[in-house]
Amino acid sequence: MSVKRMLDCTASELAAYSKKELLESIAGCEGRVLACETIGITPPLLSDVTNAEYAASLSADILLLNMFDVQHPVVQALPKVPEGETVRELKRLTGRTVGINLEPVQPELAKGNDGTLWQMSPGRLATAENARRAADMGVDLIVLTGNPGNGVSNAAIEHALREISAAVGDRVILAAGKMHASGMIGEGGTRIMTVDDAQAFIAAGADVILLPAPGTVPGITMEYAHQLIEAVHAQGKLALTAIGTSQEGADVATIRQIALLCKMAGADIHHIGDTGVPGMALPQNILAYSIAVRGERHTYHRMAQSINR
């Protein structure tokens, strides 16, 4: 390896890595990278500390910002900075790799979310313009996916991925896939992500394929996930297993079981969702997941290491 494993990297080393080096750093960890999804527009669990900072303190390696509007970014409890500096300020405070979700939503299918937390805004759409804004803001990772009920199809993800890859594919890691059906009848269970879908996403520019974690969606078993991840790895790409069904708010024993199933399936990046309570996973579940896939040594090392190193 030409770079250190993400497990061992300091904040300054991570900040200097290119897209290619970040991917190598993640791959070198052999299934021990933890991504925590957080929401910045909801009240933070610790009031005056962002949910992203809280997740970082619990050993998250990658902070994935959901509901992040690149045109009007909001992360509650973040110190006041110009909008264009929002992501860089969060990276300064946490020393972590930061990603965002963008959604290739079909507006007519997302109307059911009007007036709810999940209501779409222009700055969350998966467009080349928004992807460029994100890259200019310092985002390291863009995930093309869909929130509950927003009507995001795999065909729409593939189309958006081609445009976004052409716009920022040389600057930003691109991940694609779904954690659940996202309101699409006919794309539930094992049809959420198939080998054909994964190969189409890779051809369209994906560096990482996202799929539901075993045990989080009906029909997604460890064996199914393993088969899919083997196909992804055969193409030289990485796999991210995601808990996106509010099981980030389940009991610790359930989290440990899901974590080990993901490890057995071959996950490179372990994702834990943002609505254990609205905003982030339950703190004890982030810790339990981390310890299950990499032990106390690496978990506490990530927690203890100063961001000033």
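The sulfur of Cys29 lies 7.4 Å from the closest cysteine sulfur, that of Cys9, which is too far for a bond, a disulfide being a pair of cysteine sulfur atoms within 2.5 Å. A search of the whole structure finds zero disulfides, and Cys262 is likewise in none, the nearest cysteine sulfur, in Cys36, being 13 Å away. The model is a predicted one, in which local features need pLDDT of at least 70 and side-chain atom pairs count only at pLDDT 80 or more, whereas totals for chains, interfaces and linings use all residues. Residues are numbered from 1 along each chain as its sequence is written, and side-chain values use heavy atoms, with hydrogens and water left out.

The table lists residues that count as buried (under 20% relative accessible area, with exposed over 50% and partly exposed in between; 1.4 Å probe, protein chains only).

| Residue | Relative accessible area |
|---|---|
| Cys29 | 0% |
| Cys262 | 0% |
| Leu144 | 0% |

Leu144 is found in strand β4 (residues 141-144), where helices (H or I, at least four residues) and strands (E, at least two) are DSSP runs numbered from the N terminus. Leu144 and Gly177 are 33 residues apart in sequence, yet their C-alpha atoms are 6.5 Å apart in space.

In strand β1 (residues 33-39), seven of the seven residues are buried, so the strand is largely enclosed by the rest of the structure. Strand β1 pairs in the parallel sense with strand β2 (residues 62-66) over five bridges, pairing requiring that DSSP finds at least two bridges between two strands.
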